[in-house]
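Morning, everyone. Please have a look at the screen, and then we'll go through it together.

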Amino acid sequence: MASLLPRGAAAVRRRLLLRPAPLAPGPVRAASQALSAALVRRGGLVGGRWVETAAAFPVQDPASGEELGRVSDCGAAEARAAVRAAHEAGAAWGRLPAKERSARLRRWYELMMENKEELARIITAENGKPLREAQGEITYSASFLEWFAEEARRIYGDVIPASAKDRRVLVLKQPVGVAAIITPWNFPSAMITRKVGAALAAGCTVVVKPAEDTPLSALALGELANQAGIPAGVYNVVPCSRQQTAAVGEVLCTDPLVSKISFTGSTATGKILLKHAAGTVKRVSMELGGHAPFIVFDSANVDRAVAGALASKYRNSGQTCVCTNRFLVQKGIHDEFVEKFAKAIDKELHVGNGFDAKTTQGPLINEKAVEKVEKHIKDAVSQGASVVTGGKRHSLGKNFFEPTLLTNVTTKMLCTQEETFGPLAPVIKFDTEAEAVAIANAANVGLAGYFYSQDPAQIWRVAEQLEVGMVGVNEGIISSPECPFGGVKESGLGREGSKYGIDEYLEIKYVCFGGL
């Protein structure tokens, strides 16, 4: 690994590494060649240095399957080196005045906004989402660095009145230490900054393990972190293939130098990481699977509900943890809602390559994701569901799928029992408010929930009764840096963003000052 070589040799290898790898031929050649050479990195970032490994893994464009390039396949050794680098940098970073940490984070935010177009193109190339959505993600991603740059200066302790006159009681808040950050592919930039912004603001250092499908965004953030003056070892990245993921994840969850784990991903994987973390009793934050209900009551403004449904369901082709997975529509307006929803889908949604200006629906991330959507549709139709629109792979082929709307759906169907993570909207007709709430709360997860109503009393009742961590009332998009993001039940532990997000990276220390 380059960081362990003599400085001269390491420099030579880094120069070789930073030379962009040849791009694969094919339909995405023009788009991929447009990626900024200044931001595309192929190696891991350990202790401020770009390092390469003997093996590399391909990063593919999900729209075409063509190879965008190859990235160093870090393993357990590189993960341990990154943890050591983070640990060694931790003391100095934690002692840095909050104002200075704030300034570095602010500069990182500014660099993200200055490079917004280039960062967005990287996301579209490796993730497939439409360029306009990718641009929105960069703005959203950068906003967490801006927010936590401000919150870094607001980490307040307490002075507690003592029970004895010769004592003074203080409460300090201190960084937990090294944080392992494990992120998904669906928001390859924002899921990093939402965690890392809070960690760095608190005085922690981090090791990021990005998803194997989308490592380029994490590495581009590393390049900008270096430019922003984030000290060496404070932000480390260990990209790895699917084959190395288990080994790297185990190191990050069991190394005694790691004090905190923050993970976004599936509930099943989260449970595995929790078991690993239990051995050394690490602090954990888990943002896990969702199964969001979207309830439309008879009192709702149907046009607004349709607009909210379109945004909530089909953003990123249905591949977000807070996407609606189940539509529950009251019988009085069911037919009107379905008719207008189908027309909106056909009119507003356009499937295509993310770099095409008219595209609103890019590809799914891989073949496995497409197969899951097909499985859910086949199961529903076999039990009596009707396909209103869509229902099959798009004519573009590969990982593209038609936005789909199903009616006559029941709670016995797979699409209402597990998260689809794709462009499938199943609609269940219900009679009463109590019935809708019961269906919504039947899931073992509870991340987000949405409902549309113009009845104030009903709004309060349902908002309080839904067993989720976040509720959208007459809104289909609810995420923002100022607001706490997280779920209940098996959707995870802790909160990200908001004033609460920084607490996940702080320890509370009680100091009793006696003999006064």
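Let me start with a question: does S317 count as buried or exposed? Keep in mind that this is a predicted model. S317 counts as buried, because its relative accessibility is 4%, and the cut-off for buried is under 20%. S317 sits in the loop between α11 (302–314) and β13 (324–330).

Now the backbone. Most residues other than glycine have a negative phi.

Where is V281? It lies in the loop between α10 (267–278) and β11 (283–287). V281 is exposed, because its relative accessible area is 72% and exposed means over 50%. So V281 is exposed, whereas S317 is buried.

Let's step back to the whole chain. The protein chain has 16 helices and 22 strands. Its C-alpha atoms fill a box of roughly 70 × 70 × 40 Å along the principal axes. What about the radius of gyration? For 516 residues, a compact globule would have a value near 24 Å, and the protein chain has 24 Å, so the two agree.

Next, the inside. Of the 516 residues, 56% are buried. Take the contacts with a separation of 6 or more: 73% of them join residues 24 or more positions apart.

The protein chain exposes about 20600 Å², and carbon and sulfur atoms supply 53% of that. There are 60 positive and 54 negative charges, and their mean positions are 6 Å apart.

That's my tour. Thanks.

Technical notes. Residues numbered from 1 in each chain as written. Predicted model: local features only at pLDDT ≥ 70, side-chain atom pairs only at ≥ 80, totals over all residues. Heavy atoms only, no water. Helix = DSSP H or I, 4+ residues; strand = E, 2+ residues; numbered from the N terminus. Rg over C-alpha atoms; globule rule 2.2 N^0.38 Å. Buried < 20%, exposed > 50% of the residue type's maximum accessible area, 1.4 Å probe, protein only. Contact = heavy atoms within 4.5 Å. Areas by Shrake-Rupley, 256 points an atom, 1.4 Å probe, with all protein chains shown as cover. Lys, Arg positive; Asp, Glu negative; His and termini not counted. Charge placed at Lys NZ, Arg CZ, Asp CG, Glu CD.
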